[in-house]
Amino acid sequence: MWKAANLLLAFLVEILALGVLARWGWDLGGTTATRLLLAVGLPLVAAVLWGLFAAPTATRGQVPRWIVKVLVFGLAAAALWSMGHPLLGIVFVVVIAANLAIIHTQKLQP
C-alpha cells in the first residue's frame, strides 16, 4: 500500500505540473492564438521531455532524468508563484521533494 500511494502521488503531481504549465501558458499569451499555442505547447514539450528522459521506462540515464524532473517541477512551481500563488508553489515543491525522496530512498520505482 505504501508503494502504491507514493507512486500514485508521483503520478498526480506530474499531471498537476502539466496542468499548471497549460494554465500558465494561457495566462502568458496575448492573442487567442498565442494563448492556445502556449497552453498546448508548454505541457506538450514537458510531456515529451518527461517521456524521453524522466519516465520510469526511459533509458537515457539518471542524470538527464533528474535534470528533466527539476526543470518540469521547478517551472511549474515558478509558474504557480508568477500567477500569484506563492504558497501553492512552495507546497508543491515540498510535496514533490518529499515524494521523490521517499521513492528514491525506499527504491519504490515501478
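How far apart do the end C-alpha atoms of residues 66-81 lie, and what percentage of the span is helix or strand? The end C-alpha atoms lie 22 Å apart, and the span is 100% helix and 0% strand. The model discussed here is predicted.

## Annotated transmembrane spans

The unreviewed UniProt entry carries the annotation "transmembrane region" for residues 32-54, 66-81 and 87-105. For residues 87-105, the end C-alpha atoms are 27 Å apart. That span is 100% helix and 0% strand.

Residues 32-54 make up helix 2, which has 23 residues. At 1.5 Å a residue, helix 2 should span 33 Å, and the 32 Å between its end C-alpha atoms agrees with this.

## Packing of helix 2

Five names make up the list of buried residues in helix 2: Ala39, Pro43, Ala46, Trp50 and Ala54. These buried residues pack against helix 1 and also against helix 3, which covers residues 62-82.

An α-helix has 3.6 residues a turn, so residues three or four places apart point the same way.

The structure holds one salt bridge. The partners are Asp27 and Arg23, with their closest N and O atoms 3.2 Å apart. Because Asp27 and Arg23 are four residues apart in helix 1, about one helical turn separates them. Asp27 has 35% relative accessibility and therefore counts as partly exposed, the class between 20% and 50%.

Leu8, Phe11, Leu12 and Ile15 make a nonpolar surface patch of about 390 Å². Ile15, one of these residues, lies in helix 1. With a relative accessibility of 44%, Ile15 counts as partly exposed.

## Residues outside the helices

Met1 sits in the segment before helix 1, which runs over residues 2-28. Is Met1 buried or exposed? Its relative accessibility is 89%, so Met1 counts as exposed. Met1 and Ile103 are 102 residues apart in sequence, while their C-alpha atoms are 13 Å apart in space.

Thr59 is placed in the loop between helix 2 and helix 3. At 73% relative accessibility, Thr59 counts as exposed, because the cut-off for that class is over 50%. Thr59 and Lys107 are 48 residues apart in sequence, with a C-alpha to C-alpha distance of 17 Å.

Definitions and conventions. Residues are numbered from 1 along each chain as its sequence is written. This is a predicted model: local features need pLDDT of at least 70, side-chain atom pairs count only at pLDDT 80 or more; totals for chains, interfaces and linings use all residues. Side-chain values use heavy atoms; hydrogens and water are left out. UniProt positions are given in the numbering used here, feature names are shortened, and annotations may be inferred rather than shown by experiment. Helices (H or I, at least four residues) and strands (E, at least two) are DSSP runs, numbered from the N terminus. Buried means under 20% relative accessible area, exposed over 50%, partly exposed in between (1.4 Å probe, protein chains only). The expected span of a helix is 1.5 Å times one less than its number of residues. Contact means heavy atoms within 4.5 Å. Patches are made of residues with over 30% relative accessible area and no salt bridge: like charges are joined within 9 Å, nonpolar side chains (Val, Leu, Ile, Met, Phe, Trp, Tyr) within 5 Å. Accessible areas come from the Shrake-Rupley method with a 1.4 Å probe; for residues, only the protein chains shown count as cover. A salt bridge is a side-chain nitrogen of Lys or Arg within 4 Å of a carboxyl oxygen of Asp or Glu.
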